[in-house]
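Dear colleague,

Please find the structure below, handed over for your use. My notes on it follow directly after.

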Amino acid sequence: MRDVTLAIAGSGGDGVITAGDFIVQAAARKGLNAFMLKSYGPQIRGGESSARIRISDQPIYSQGDFVDFLVVFSWKDFVRFIDEIQLRKGAVVLYDEADTTPPEEFPIDKDLGVELIAVPFKKMASEEIKVPLTKNMVALGVIAELLHLPLDGIKDAVMKKFGKRKPEAAQVNIEAIDLGKKWVDDNLPDGTQIVLEAEGTGEPKLVMTGDDAVAYGALHAGVKVFAGYPITPASPILEFLSKWLPHFGGAVVQTEDEIAAITYAIGASWAGKQAMTASSGPGIALKLEALGLAAIAEIPLVVVNVQRVGPSTGIPSKSEQADLFQAVGGTPGDVPRVVLAPSDVEDNFQVAVEAFYLAEKYQIPVIILSDQFLGERSETIDPEILFARKRVIARQLAKPSDLKDYKRYKLTDTGVSPMTVPGMKGGQYITSGLEHHEDGRPTSSGTLHQIMSEKRERKMPLIAEESGFVRIYGDEDAELAVLAWGSSKGAVREAIEKAREEGIKVKAIVPQLIYPIPEKKLDAALKGVKRAVVIELSFGAQFYRYLRAYYDGLPKETYSYARSGANPLLVSEVLEAIKQHAGGMDAPQEA
Amino acid sequence: MEPVKLTAKDYKTSVPIVWCPGCGDFGVLNAMQQAAAELAVPPENLMVVSGIGCSSRIAGYVNAFGFNTIHGRALPIASGAKLARPEMTVWAAGGDGDGYSIGTNHFVHTIRRNADITYIVMDNHIYGLTKGQVSPTTPHGDYTKSTPMGNPDRPLNPLALALELGATFIAQGFSGNVKHLRDLIVKGTQHKGFSFINVKSPCVTFRGRQEFNVVREHGVYLDESHDPTDWNQAHEVTQWKEKIPLGVIYQIHGVPTLDQIADDLRHKAQEKQQFKSSKDLLEIFR
């Protein structure tokens, strides 16, 4: 196989995620593509966790619907992921012989004809390595040998993690890996039916999570103050910037609450420095009043929402796309804002750069709608691709001529007014959450409120024009289109390819700019489309309803495929939705 | 060239003042403008951040970078501004409802971080802008529009709270004594760290003119016998029941400030590892 999906399930202490990380890094070193999705229960330690890793020499867009190769440390833990781990027919399943569940009670469909192999993971780690915690490393050796993963790459990754700080730990782990390999050589000389037959390019790739990518993108864009409050699944952004932003002259504050986080950022930006905050849905809800402040005071600001399952606490560790209405419509009043949606790990970086560009150029709050599925996954990335787009700008300051009789909210054709920062003589002004005159003085005049609302709104079509990046995949002239956003892109893109292989003419349209709607680019993408299916992980079909309400260009026949989140979108369900709506149009042409 | 001497007039603005005639906040405004002149801080280097309430309108009345923000959030916005631009003078201002009710969490943590800003609270014991509801410092038993049977709650003691939390500068002023208040603001601004000034600033409309007399009758100006570096003395003063202390109650030096800590972290980080550009950070993902 050139495209293998493997899953490892166990308890938190089993080191499942660590093992997964090493596999991904090993693949990256060989120039292979890899994708890892972590999944875990609510317990901090000792709870169940799973790592799902897909490796291929072809581009990977999704987590893979079916698992080809499964490693189970405990059947009890595996059962918790039974919704997420669907085995392929003929899959290979390794399980720890220490688990005393009788084989007839294994929670596996007998019709799948899986190849079951008992391995003494625990025994080898305890009795031979004498460090029970190395069970995951023994398993790594077994997996690598059976699947033909690059063993040297895995060892390199282990050395990188432990080599300098804990050389003894590195040594023990490597012994454990070798022991696992030897066990395969001694006990399964013929291997199994599943083997990865993909050669990497040899050009090493980077491994990044979506949360790290958005944080790194912000750092590259010039963020100088970051304020955040811990929340799953956005905390890695706070952690990344806490570690690295001081190296680049910035400051990070972990504030007392979500409101303080966004208001610190607003204060810092008003004072002249690029600023950002990040959270997840419930935390964003708390920030929304302050978002309105940034909007009326026209203060550049970037807010990241790594969406999770809601409402309220929902399922904090799982993904959903149901904060769209909150992003485009939350906050009292008519609030001009920008909503950008990254669609994969690399895009998290690009969107962060774009967000600062728009925030600074248009003096407007920008929301980045990431989600847990993007934020906590790891992907391999080509290093060159990250810096290809040049969108980094500094604060756009008022010119000396603006400072004579300075008007902070001067009416202009673009809606963008000259902005000063403290220290600029003659540039001082009053700003507030109050409606105001051109010079910032508060007003309660309805006429002025209308004029100022129009001024702020004038930025929106310019943003739509400038930043309306829309991805299009598949047949350009298809009459059937799938509309999707954010992390749904992966499964949709793969499903499009599958549908086309089956003779269905179809294309996928994925806008990066969600609000304002990039109308012209969407119009162009939808030209000739007679039927569309809007696909999303929101039970309330927020994207479908949003497009219906805000966009006039949808084909008359537009359908919704929407379900609640938590379980990632599958290629197969998207394909099913496509097939369901493909009838009666675009019949495959005879060659 | 000799620098032009700044006067209080240089800190006035053309923004129309919305306060009622006789409002205590006029005294605070005068004291702030005089203090700015005394400190000779150029208007463009002064940032005045306020929350919501009658008193929070003050951000528009001082010629500076003024920001009349949202309810309760003056402190984190001022802290963020100071963190971004440590070279600027940052004042935060607001009322008792803004600071001791909706914004209490920020009061607690701004003290903890010792952000180098001066926080002037115009404490009038009432919600004035919303026309007369009970506030966290309204005395027990007082009748207000939202306590028609008398205030059932005990009032909060902001001075004692600040002291317990480890504030590094605590003072109380009176809007009826502008000169004294001006001096407190000057001292507070010169203090390296969070300086907290609670100002008895009567609301003549909803609490009556006699509030001025209450402070005049019960106010006690702290003299040399009070040692503001002595925590126990300061504690005793904050517990006065009848008398109202006026002056610097507590002040200690040498506690690192929010922006100093950020600066230290930058130095430590850069000593450990230097990057020429953000692109070099790519190495950590290999």
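In this predicted model, A:Thr5 sits within strand 1 of chain A, which covers residues 3–11. A:Thr5 counts as buried because 28 other C-beta atoms lie within 10 Å, against a cut-off of 20 or more. Leaving aside residues up to four places away in sequence, A:Thr5 touches A:Arg52, A:Arg54, A:Gly64, A:Phe66, A:Val67 and A:Asp68.

An α-helix has 3.6 residues a turn, so residues three or four places apart point the same way.

Cis peptide bonds

A cis peptide bond, with omega of about 0 degrees, joins A:Gly310 and A:Pro311. A:Pro311 is placed in the loop that runs between strand 11 (301–307) and helix 11 of chain A. Another cis peptide bond joins A:Thr232 and A:Pro233, and here too omega is about 0 degrees. A:Pro233 belongs to the loop between strand 8 (225–228) and helix 8 (235–244) of chain A.

Positive phi angles

A:Glu298 is not a glycine, but its phi is positive, at about 55 degrees. This residue lies in the loop between helix 10 (281–297) and strand 11 of chain A. Is A:Glu298 buried or exposed? A:Glu298 is buried, because 24 other C-beta atoms are found within 10 Å.

A:Ala566, likewise not a glycine, has a positive phi of about 85 degrees. A:Ala566 is located in the loop between strand 21 and helix 19 (571–582) of chain A. A:Ala566 has 19 C-beta neighbours inside 10 Å and therefore counts as partly exposed, since a residue is buried only if 20 or more other C-beta atoms lie within that distance.

Yours sincerely

Methods: Residues are numbered from 1 along each chain as its sequence is written. Chains are lettered from A and ligands numbered from 1 in the order in which they are written. This is a predicted model: local features need pLDDT of at least 70, side-chain atom pairs count only at pLDDT 80 or more; totals for chains, interfaces and linings use all residues. Helices (H or I, at least four residues) and strands (E, at least two) are DSSP runs, numbered from the N terminus. A residue is buried if 20 or more other C-beta atoms lie within 10 Å of its own, exposed if 12 or fewer, and partly exposed in between; C-beta atoms are placed from the backbone. Two residues are in contact if their C-beta atoms, placed from the backbone, lie within 7 Å.
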